[in-house]
Amino acid sequence: MTNFSIWLAIVGLTVMTAMSRSLFLLAGTRVKIPHNVQRALRYAPAAALVALIAPEILSVDHTLSMAALQPAQNPKLLAAIFSGVLFFYTRHMLLMIVTGMALFTLLRGHFW
């Protein structure tokens with residue numbers, strides 16, 4: 001890439017970011033979001049969290065492989081499954097985090 005291409009990309013991304021963030025301010029009036037879109041946006045935080053966590057859980061030695069899908073070979077996956085089931089039944093976030101990390105720490109010492 002040339003210097004011009006790099007600067008063009010930086011300026012273009014800056015303009016696009018500024019426009020997308022100020023679109024609602026430039027409209028001047030209150031924008032009514034349809035009910036279906038509002039309902040779909042409630043799942044955005046959970047989807048973002050899954051997108052951040054899933055690649056880490058489903059990788060072994062920083063690579064995705066079929067071995068990562070086997071709980072007996074992947075302590076991260078086993079701890080995540082156990083934590084998910086625990087949260088499903090108790091709905092206690094702090095208990096899920098502490099138990100999941102403790103289980104992962106114990107299993108990590110066993111597997112690695």
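Asn74 sits in the loop between strand 2 and helix 4. Helices (H or I, at least four residues) and strands (E, at least two) are DSSP runs, numbered from the N terminus. The model is a predicted one, in which local features need pLDDT of at least 70 and side-chain atom pairs count only at pLDDT 80 or more, while totals for chains, interfaces and linings use all residues. Residues are numbered from 1 along each chain as its sequence is written, and side-chain values use heavy atoms, with hydrogens and water left out.

**Residues around the loop**

Asn74 counts as buried because its relative accessibility is 1%; buried means under 20% relative accessible area, exposed over 50%, and partly exposed in between, with a 1.4 Å probe and protein chains only. Leaving aside residues up to four places away in sequence, Asn74 touches Ile57, Leu58, Ser59, Val60, Ala67 and Ala68, where contact means heavy atoms within 4.5 Å. Asn74 and Ile57 are 17 residues apart along the chain, and their C-alpha atoms are separated by 8.2 Å.

Lys76 belongs to helix 4, which covers residues 75-90. At 15% relative accessibility, Lys76 also counts as buried. With the same exclusion of residues up to four places away, Lys76 touches Glu56, Ile57, Ser59 and Phe104.

Thr63 lies in strand 2, residues 63-64. The C-alpha atoms of Thr63 and Pro75 are separated by 15 Å, at a distance of 12 residues along the chain. Arg91 is in the loop between helix 4 and helix 5. Its phi is near 55°, a positive value in a residue other than glycine.

The accessibility values are collected below.

| Residue | Relative accessibility | Class |
|---|---|---|
| Asn74 | 1% | buried |
| Lys76 | 15% | buried |
| Thr63 | 44% | partly exposed |
| Arg91 | 56% | exposed |

**The chain as a whole**

The chain has five helices and two strands, and from the N terminus on its elements run α-α-α-β-β-α-α. Its radius of gyration is 21 Å, whereas a compact globule of 112 residues would have one near 13 Å. That radius is taken over C-alpha atoms, and the globule rule is 2.2 Å times the number of residues to the power 0.38. The C-alpha trace spans about 55 × 45 × 20 Å along its principal axes.

Of the 112 residues, 12% count as buried. Among contacts with a separation of 6 or more, 25% are between residues 24 or more positions apart. The chain exposes about 9,400 Å², of which carbon and sulfur atoms supply 73%; the areas come from the Shrake-Rupley method with a 1.4 Å probe.

**The largest pocket**

How much space lies in the largest pocket? It holds about 620 Å³. A pocket is an open set of points on a 1 Å grid over the protein atoms alone, with protein on both sides within 12 Å along at least five of seven lines, and lining residues have an atom within 4 Å of a point. The volume is the space filled by probe spheres set on the points.

The lining has 19 residues, and Ile53, Ile57, Ala80, Ser83 and Met96 lie nearest the pocket centre. Helix 3 (44-57), helix 4 and helix 5 (93-111) are the elements that give two or more residues to this lining. Helix 3 provides the largest share, seven residues. By type, the lining divides into 14 nonpolar, three polar and two charged residues. Here Ala, Val, Leu, Ile, Met, Phe, Trp, Tyr, Cys and Pro count as nonpolar, Asp, Glu, Lys and Arg as charged, and the others, Gly among them, as polar.

Definitions and conventions
1 Å grid on protein atoms, 1.4 Å probe; cavity = no way out; pocket = protein on both sides within 12 Å on 5 of 7 lines; lining within 4 Å.
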